[in-house]
Amino acid sequence: MSKRQDAISRRDFIKGVIVGGVAVSSSGYLLRGAVALAQTGVAERLITLNVNGQQRRVDVMRQETLAWTLRYKLGLTGTKLGCDRAECGACTVLVDDVPLYACSMLSHSVRGRRVQTVEGLAAADGTLHPVQQAVVDEQGFQCAFCMSGFIMSAVGFLKTNPNPSRHELAQGLSGNLCRCQDYDKILTSMMRGAELMRKG
Ligand code: FES
Ligand code: FES
């Protein structure tokens, strides 16, 4: 494959993950988790969650995490599950505009609050959020598993500090880990995202 073709296909891949998060999955892991949770046999209860501006009715178990509900009940697989214990940030979503680990929140606890996932960032006409566009422009990630978590953390951080220094933004994203250790390029992407957001 030529270098040009490689760049284009990689760009398409990254874009697919940014918008829907569907290009990266670990089906074996998911299936094992689903079976384990189903075996607990705890009754579900119908609740309404505000996700990406929509009222979503969903049956959830009392001990069910928001990450689980988003991924396996609502089909929003852009929210990744890495560690599943508040260490990696792959599951980061915004709750009332604040970046939080969805793996460590119970779905019941976000009733009446606004949840935003990576699927809810792009405009209705498909225009990417500036931070998403910056990732496409800068090609900031390798495997991209950590990407949606970083994007959501950056979007949340930039709401409170729209013009950060590189060091400030690095600190703001310090709750997100990248196994590929692509931090320098990720930070460059996020700084570019901040710039695009300021340009409006
Ligand atoms: S999956 Fe939630 S912090 Fe790692
Ligand atoms: S790009 Fe692979 S985990 Fe971050």
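Is R192 exposed, partly exposed or buried? At 24% relative accessibility, R192 counts as partly exposed. Those words have cut-offs: buried is under 20% relative accessible area, exposed is over 50%, and partly exposed lies in between (1.4 Å probe, protein chains only).

The structure is a predicted model, in which local features need pLDDT of at least 70, side-chain atom pairs count only at pLDDT 80 or more, and totals for chains, interfaces and linings use all residues. Residues are numbered from 1 along each chain as its sequence is written, chains are lettered from A and ligands numbered from 1 in the order in which they are written, and side-chain values use heavy atoms, with hydrogens and water left out.

**Salt bridges**

Side chains of opposite charge can pair when their charged atoms come close. A salt bridge here is a side-chain nitrogen of Lys or Arg within 4 Å of a carboxyl oxygen of Asp or Glu. The count comes to 11 salt bridges.

| Pair | Closest N and O atoms |
|---|---|
| K159 and D97 | 3.7 Å |
| E195 and R192 | 3.5 Å |

Take K159 and D97. This pair links distant parts of the chain, 62 residues apart. K159 lies in helix α5, while D97 sits in the loop between β3 and β4 (98-101). Helices and strands are DSSP runs, numbered from the N terminus: a helix is H or I with at least four residues, a strand is E with at least two. K159 is partly exposed, with a relative accessible area of 43%. D97 is partly exposed too, at 30%.

Now turn to helix α7. Why are E195 and R192 separated by about one helical turn? The reason is that they are 3 residues apart in helix α7 (residues 183-199). E195 and K199 also both lie in helix α7, 4 residues apart, about one turn of the helix. E195 is partly exposed at 30% relative accessibility. K199 counts as exposed, at 61%. The bridges join up: D137, R192, E195 and K199 are linked in a network.

**A buried threonine**

T92 lies in strand β3 (residues 92-95). T92 is buried, with a relative accessible area of 4%. What does T92 touch? Contact means heavy atoms within 4.5 Å. Not counting residues up to four places away in sequence, T92 touches P99, L100, Y101, S148, G149, M152, S153 and N176.

Most residues other than glycine have a negative phi. Which way does phi go in N52, positive or negative? Phi of N52 is positive, near 50°, and N52 is not a glycine. N52 is found in the loop between β1 (44-51) and β2 (54-61). At 26% relative accessibility, N52 is partly exposed.

Q139 has a positive phi as well, of about 55°, although Q139 is not a glycine. Q139 is placed in the loop between α4 (130-138) and α5 (147-160). Is Q139 buried or exposed? Q139 counts as buried, at 13% relative accessibility.
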